[in-house]
Amino acid sequence: MTAFRTLDQAEVKGKRVLVRVDLNVPMENGRITDATRIERILPTLREISDKGGKVILLAHFGRPKGRDPKESLKPVAEALAQHLKKGVAFADDCIGEAAATAVGALKDGGVLLLENTRFHAGEEKNDPAFVQELAKLGDLYVNDAFSTAHRAHASTEGLAHVLPSFAGRTMQAELDALAKGLESPKRPLVAIVGGAKVSTKIDLLENLVQKVDALVIGGGMANTFLHAMGLGIGKSLAEKDLADTALRILDRARETNCAIILPVDGVCAYDFKAGAYNQTFGIDAIPDDQMILDVGSQSVERVNAAINDAKTLVWNGPLGAFEITPFDQGTVATARHAAERTRAGKLVSVAGGGDTVSALNHAGAADGFSYVSTAGGAFLEWLEGKPLPGVDALKA
Ligand SMILES: Nc1ncnc2c1ncn2[C@@H]1O[C@H](COP(=O)(O)OP(=O)(O)OP(=O)(O)O)[C@@H](O)[C@H]1O
Ligand SMILES: O=C(O)[C@H](O)COP(=O)(O)O
């Protein structure tokens, strides 16, 4: 049950409603490759618009250092309009005159997307002056970005303290679904953590190994562990300066009897552009001039064996660079296996993350999971039991 105000308590008619959403969608060559995060916020936007509220969207995109046209939300505004089947205005700043003029021109029921909040340093600093600049644009605040709720930023946490604040429908649904599926999970509980965000996620693993019975590590995350264990990883994506953290996590896992499953073979290429070339090597024989871009077939067997032993599976982060064929095979094979076990009633499976959702859709496996969250890092932190600043700020 959610312990905070929802849209049921919000009077929006004629009001300027600042809605924080997560539009940090996977993109390739300027094209959105998975629109799940857009689809999930439509009910909230339609509800506020239909009730005559002025919908003013706040969102981040990527991790820009200042204003970076490559990280502009403008292309997302067009995609949002297509999904909403309604015009979406765009302002090329989220504060100041450009934003105020666009808000002033908005009619009741209209929808406006403001430019990337992370173009301003005050966003990630949760700077009170920046919060006030945002608050000038609205009469009330709705947070519908569960997948960014682990960030105590101005638009995800600060605003909730200066305007009347409410949870959006996606925020409500995510928290209710995760509580239902995972608050007291059937064991053995197995986690799969992959992906590329090693520096912001590796610390989470130290707590995670105290919560789960087995942890499968893949993707760029695994490369960091393999390097820490003294194995050559060639030119693979890794955070080598986090080797001590990785070793500490392995020690912690031994103390808590959490089985760690790391790749035993890797599908390698000379670079991301890959092309036709790729070759599988044993994890102790990775060529110095190549990079591991996927887990190999022997690793897939070990991951699937861990899935077979599990009653509950949680997953964030693909096992390989799935956007480039054939480096999607490890993720596809394991995702389909998890979906099969779930459909057979042998597994409760919950996955989450911007690219993870995209990878599961690519594998045609998303519908086979018990629940698919839009959240990655936030999902892992929720799983660990860490407070989520964006959620706590909404509590009455
Ligand atoms: N071995 C690898 N080498 C390089 N990149 C990899 C490798 N394995 C996975 N990746 C990359 O990891 C990225 C996804 O990682 P990420 O941690 O962002 O997952 P996510 O589901 O988006 O989680 P979040 O929602 O927290 O961002 C993909 O773009 C994929 O190409
Ligand atoms: O993709 C995500 O996990 C969210 O959009 C948060 O993005 P961040 O990790 O850059 O804060």
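**Close-up views of a predicted model**

**Figure 1. Asp 22 and its surroundings at ligand 2.** In this predicted model, a side-chain N or O atom of Asp 22 lies 2.9 Å from an oxygen atom of ligand 2. On its own, ligand 2 exposes 310 Å², of which the protein buries 93%. The residues around ligand 2 also include Asn 24, His 60, Arg 118, Ser 147, Thr 148, Arg 151 and Lys 197.

**Figure 2. Polar contacts of ligand 1.** A polar side-chain atom of Lys 197 is found 2.6 Å from an oxygen atom of ligand 1. Backbone atoms take part as well: a backbone N or O atom of Asp 355 is 2.8 Å from an oxygen atom of the ligand, and a polar backbone atom of Gly 377 is 3.0 Å from an oxygen atom of the ligand.

**Figure 3. The crossing of helix 11 and helix 12.** Two packed helices are described by the angle between their axes and the distance between the axes. Here the axes of helix 11 (residues 329-343) and helix 12 (residues 354-363) come within 9 Å and cross at roughly 80 degrees. The two helices are therefore roughly perpendicular to each other. Helix 11 contributes Thr 331, Val 332, Ala 335 and Arg 336 to the contact, and helix 12 contributes Ala 359, Leu 360, His 362 and Ala 363. Of the residues in this contact, five are nonpolar, two polar and one charged.

Figure 4. Most residues other than glycine have a negative phi, and most peptide bonds are trans. The bond that joins Arg 187 and Pro 188 is cis, with omega about 10 degrees; Pro 188 belongs to the loop between helix 6 (169-182) and strand 9 (189-193). A cis peptide bond also runs from Thr 325 to Pro 326, with omega near 5 degrees, and Pro 326 is placed in the loop between strand 15 (312-316) and helix 11. Asn 126, although not a glycine, has a positive phi of about 55 degrees. This asparagine, Asn 126, is in the loop between helix 4 (121-125) and helix 5 (128-135).

Note on methods: Residues numbered from 1 in each chain as written. Chains lettered and ligands numbered in written order. Predicted model: local features only at pLDDT ≥ 70, side-chain atom pairs only at ≥ 80, totals over all residues. Heavy atoms only, no water. Axes fitted to C-alpha atoms, helices over the stretch in contact; angles between N-to-C directions. Helix = DSSP H or I, 4+ residues; strand = E, 2+ residues; numbered from the N terminus. Parallel < 35°, antiparallel > 145°, perpendicular 65-115°, else oblique. Contact = heavy atoms within 4.5 Å. Nonpolar A, V, L, I, M, F, W, Y, C, P; charged D, E, K, R; others polar. Polar contact = N/O pair within 3.5 Å; in protein donor to acceptor, adjacent residues only side chain to side chain. Near = heavy atom within 4 Å. Areas by Shrake-Rupley, 256 points an atom, 1.4 Å probe, with all protein chains shown as cover.
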